[in-house]
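This briefing is meant to be read with the sequence and the structure open side by side.

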Amino acid sequence: MARILRLLHYPDICDAFVMFVHSNEDGSPMVNGIPKTIWAVPPGRDIQAVGDAEQDALLVTVEDFEQLQPGRFLATEDDGCVLSVGSPVNGAVPLEVVQQAFLTLSQRVSAVAPLRTGILTVSDRGSRGERQDTSGPALAQRARTIGCSVEAQRIVPDEKNAITDALRGWTEKDALHLILITGGTGLSDRDITPDVLSQMGERVIPGIGEYMRWKGTFSTMHSILSRGVAVTVGPTLVVSLPGSKRGALECFDAVAPALRHGIETIGGWTEDCGH
């Protein structure tokens, strides 16, 4: 892991020990509540790296600057994936905030590869256009906080063949790293998502489902009725979550800190494994 060597705050032209980075409503980066662009530069570079016009900025000097390749994510040891890496401009790299966090001097950071991800919503009414899918888009947005690049989204009915076909395409053809399924984890006759996964899955990861249910009891005891599971299908980790937006996000947030390491282990990523 590299270290943050310097935080230079423009236009104040001063070094700071701590900066709070977050996003505005339109997604633009904010630093300490003020709209600012954020740039990463190699050690020894200054404002000239991004040009005289780029005065209102936060400059982050990072060790191992060459690891900040476009499409990767800058992840902190404690807060997960905080910034996404853009294409270099005049020797500097623009950074986009994907998860609010404090940046500090000497903080240890890593440039991690994106997790290619699919979001599958299982809903009879949603597949017929009778109900708006809120869980799928919310999961897609939240998944970015652990460095996911959402490359596929789909809504299918609560039918075995529809679920199986979608999963096979994403695991065998597209070889996605992570698939998040929302819906079909309850007790009705049409809730078959866990049953399909039990047939397709090569290995069950019981701790993920167990922890989601336990964590959910802090909000509602009904969480113990959820049958959400996690399995591996080839090199892909598949996690089934509740169908409600609230339940899906709460369960995802509960297990999110462990997902990247699990995927790195499944895929044998020696470069990033262990972050």
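A residue is called buried at under 20% relative accessible area, exposed at over 50% and partly exposed in between, with a 1.4 Å probe and protein chains only. The model is a predicted one, in which local features need pLDDT of at least 70 and side-chain atom pairs count only at pLDDT 80 or more, while totals for chains, interfaces and linings use all residues. Residues are numbered from 1 along each chain as its sequence is written, and side-chain values use heavy atoms, with hydrogens and water left out. Helices (H or I, at least four residues) and strands (E, at least two) are DSSP runs numbered from the N terminus, and two strands pair if DSSP finds at least two bridges between them.

**Strands and sheets**

- An open sheet of 4 strands has the order β5-β4-β3-β11, with antiparallel pairing; β5 (34–35) and β11 stand at its edges with a single partner strand each, so one side of each has no neighbour in the sheet.
- Within this sheet, β3 is joined to strand β4 (residues 29–31) by 3 bridges in the antiparallel sense, and Ser-23 has Pro-29 in β4 as its bridge partner.
- Strand β9 (residues 80–85) is largely enclosed by the rest of the structure, because 5 of its 6 residues are buried.
- β9 pairs antiparallel with strand β8 (residues 73–76) over 4 bridges, where Ala-75 stands opposite Cys-81, and also with strand β10 (residues 93–97) over 3 bridges, where Val-85 stands opposite Leu-95.

**Aromatic contacts**

- The whole structure holds 3 aromatic pairs, a pair being rings of Phe, Tyr and Trp (its six-membered ring) with centres within 6.5 Å, counted as stacked when the planes are under 30 degrees apart, edge-to-face when over 60 and tilted for the rest.
- The rings of Phe-20 and Phe-102 are tilted, with centres 4.9 Å apart and planes at 45 degrees; since Phe-20 lies in strand β3 (residues 18–23) and Phe-102 in strand β11 (residues 101–104), the pair ties together parts 82 residues apart in sequence.
- Tyr-211 and Trp-214 also form a tilted pair, at 5.5 Å centre to centre and 40 degrees between the planes, and, being 3 residues apart in helix α5, they are separated by about one helical turn.
- Ring pairs link Tyr-211, Trp-214 and Phe-218 into a cluster, and the charged end of Lys-215 sits over the ring of Phe-218 at 5.8 Å from its centre (the criterion is NZ of Lys or CZ of Arg within 6 Å of the ring centre and within 35 degrees of the ring normal).

**Salt bridges**

- The structure has 11 salt bridges, each defined as a side-chain nitrogen of Lys or Arg within 4 Å of a carboxyl oxygen of Asp or Glu.
- In one of them, Lys-36 and Asp-56 have their closest N and O atoms 2.6 Å apart; Lys-36 is buried, with a relative accessible area of 5%, whereas Asp-56 is partly exposed at 36%.
- Arg-144 forms another with Glu-96, the closest N and O atoms being 3.6 Å apart, and Arg-144 is partly exposed, with a relative accessible area of 29%.

**Surface patch**

- Leu-187, Met-221, Ile-224 and Leu-225 form a nonpolar surface patch with about 420 Å² of accessible area together; patches take residues with over 30% relative accessible area and no salt bridge, joining like charges within 9 Å and nonpolar side chains (Val, Leu, Ile, Met, Phe, Trp, Tyr) within 5 Å.
- Accessible areas come from the Shrake-Rupley method with a 1.4 Å probe, and for residues only the protein chains shown count as cover.
- Met-221 lies in the loop between α5 (206–216) and β17 (230–233) and is exposed, with a relative accessible area of 52%.
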